[in-house]
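Hi,

Here is the structure I promised to send over.

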Amino acid sequence: MRGNTGSGYGILALFVITGAILGGILGEIISSTAAFSGIAHYLVQTYPIIDLAPVSINLYVIKIALGFTLQPNLISIFGIILAIFLFKRFYNIIYVFIFLL
C-alpha cells in the first residue's frame, strides 16, 4: 500500500467486511442447494471466535442493549481471503477510482 495508508486500511476493512458478508450469503445458498448436500454441513458450520453477551443500559428514557458476536463459516473465511487477495491485486486501480469520485 502506497500513499495515504489511512485510507488504504479503511478500504481494506471495507473489502474484508464485504467479503465476509458475501461469503456468508453464498454459504446460505450452498446449504439450500441439493448439489452440495454432502459437503454443505462442513462449509456452513460456524466457528465462534468472539461472543460478548449483550449489556443492557437503562437511561429511563431509552433502553439500549449492546452485544457482539463473530461466528464466521468456512465460506465467509474464503470470502475474506479472496477480498484481501483482490485488494492487494487491484489496490492502485481502486485508489485512483475512489479519489476520482
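Below is what turned up when I went through it. Keep in mind that this is a predicted model.

Let me start with the aromatics. The structure holds one aromatic pair, made by Phe-15 and Phe-87. Phe-15 belongs to helix α1 (residues 5-31) and Phe-87 to helix α3 (residues 74-89), so the pair ties together parts that are 72 residues apart in sequence. Phe-87 is buried, at 3% relative accessible area, whereas Phe-15 is partly exposed, at 23%.

There is also a charge over a ring: the charged end of Arg-89 sits over Phe-90, 5.5 Å from the ring centre.

Next, a glycine to look at. What does Gly-23 touch, leaving aside residues up to four places away in sequence? Its contacts are Asn-73, Ile-75 and Ser-76. Gly-23 also comes to 4.8 Å from Gly-79, C-alpha to C-alpha, although 56 residues separate the two in sequence.

Most residues other than glycine have a negative phi. Tyr-60, which is not a glycine, has a positive phi of about 70 degrees. You'll find Tyr-60 in the loop between β1 (50-58) and β2 (63-70), and it is exposed, with a relative accessible area of 79%.

Cheers

Note on methods:
Residues numbered from 1 in each chain as written. Predicted model: local features only at pLDDT ≥ 70, side-chain atom pairs only at ≥ 80, totals over all residues. Heavy atoms only, no water. Phe/Tyr/Trp six-rings, centres within 6.5 Å; stacked < 30°, edge-to-face > 60°. Helix = DSSP H or I, 4+ residues; strand = E, 2+ residues; numbered from the N terminus. Buried < 20%, exposed > 50% of the residue type's maximum accessible area, 1.4 Å probe, protein only. Lys NZ or Arg CZ within 6 Å of the ring centre and 35° of its normal. Contact = heavy atoms within 4.5 Å.
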